[in-house]
Amino acid sequence: MVPDKIPDTVPGRIEYLSHCTSAEWESLCKGCGLCCLCKYALRDGVCYSRMACNWLDLKTHHCTIYAHRNEMPFCNKISVDMILHDGVLPDTCGYREFIFGKSNKKISVDFSDVIHLQDAYTKKIEFIKMLIPESINWCGRQR
Ligand code: SF4
Ligand code: SF4
């Protein structure tokens with residue numbers, strides 16, 4: 001559960017996230033599924049693609065192996081450090097909005113156009129053709 005009184009400073013909210021319970025932590029995720037899309041690191045930032053982790057349910061945007069996701073080497077565990085510094089979570093991510101406030105960026109992905117990584121390999125679809133160019137601006141806002 002999100003606390004009744006949310007700390008009113010960025011450091012206070014970072015502190016809260018660093019010590020909250022797992023239920024409190026989980027309640028902040030919007031379940032948008034964006035962090036489960038494959039990304040490509042460019043010099044100017046991170047570019048998202050319309051290729052998703054094989055374990056993402058493309059209809060619900062939920063992980064189908066959620067309880068075991070952290071055992072998977074390819075699955076990046078979301079931590080306070082990652083939220084703050086890795087630059088891979090979209091500014092609309094619930095964790096980033098909790099810390100930095102609501103983002104006014106228009107970030108959305110039509111998941112009917114998203115395919116699983118293994119299907120992309122099978123169909124020999126080039127990764128570069130699946131990149132979402134505008135996503136280069138999705139990450140990194142701080143204030
Ligand atoms: S394993 Fe990780 S990256 Fe894959 S769907 Fe689950 S949470 Fe997302
Ligand atoms: S991007 Fe953030 S809000 Fe969306 S599913 Fe991932 S952790 Fe949750």
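Biologist: In what order do the elements of the protein chain run from the N terminus on?

Modeller: The order is α-α-β-β-α-α-β-α. Helices (H or I, at least four residues) and strands (E, at least two) are DSSP runs, numbered from the N terminus. This is a predicted model, in which local features need pLDDT of at least 70 and side-chain atom pairs count only at pLDDT 80 or more, while totals for chains, interfaces and linings use all residues. Residues are numbered from 1 along each chain as its sequence is written, and chains are lettered from A and ligands numbered from 1 in the order in which they are written.

Biologist: Why are S1 and S3 called edge strands?

Modeller: The open sheet has the order S1-S2-S3, with mixed pairing. Strand S1 (37-42) and strand S3 (115-116) each pair on one side only.

Biologist: How do you know whether the radius of gyration of the protein chain agrees with a compact globule?

Modeller: The radius is taken over C-alpha atoms, and the globule rule is 2.2 Å times the number of residues to the power 0.38. For 143 residues a compact globule would have a radius near 15 Å; the protein chain has 16 Å, and therefore agrees.

Biologist: What share of the 143 residues is buried?

Modeller: Buried residues make up 22%. A residue is buried if 20 or more other C-beta atoms, placed from the backbone, lie within 10 Å of its own.

Methods: Two strands pair if DSSP finds at least two bridges between them. A residue is buried if 20 or more other C-beta atoms lie within 10 Å of its own, exposed if 12 or fewer, and partly exposed in between; C-beta atoms are placed from the backbone.
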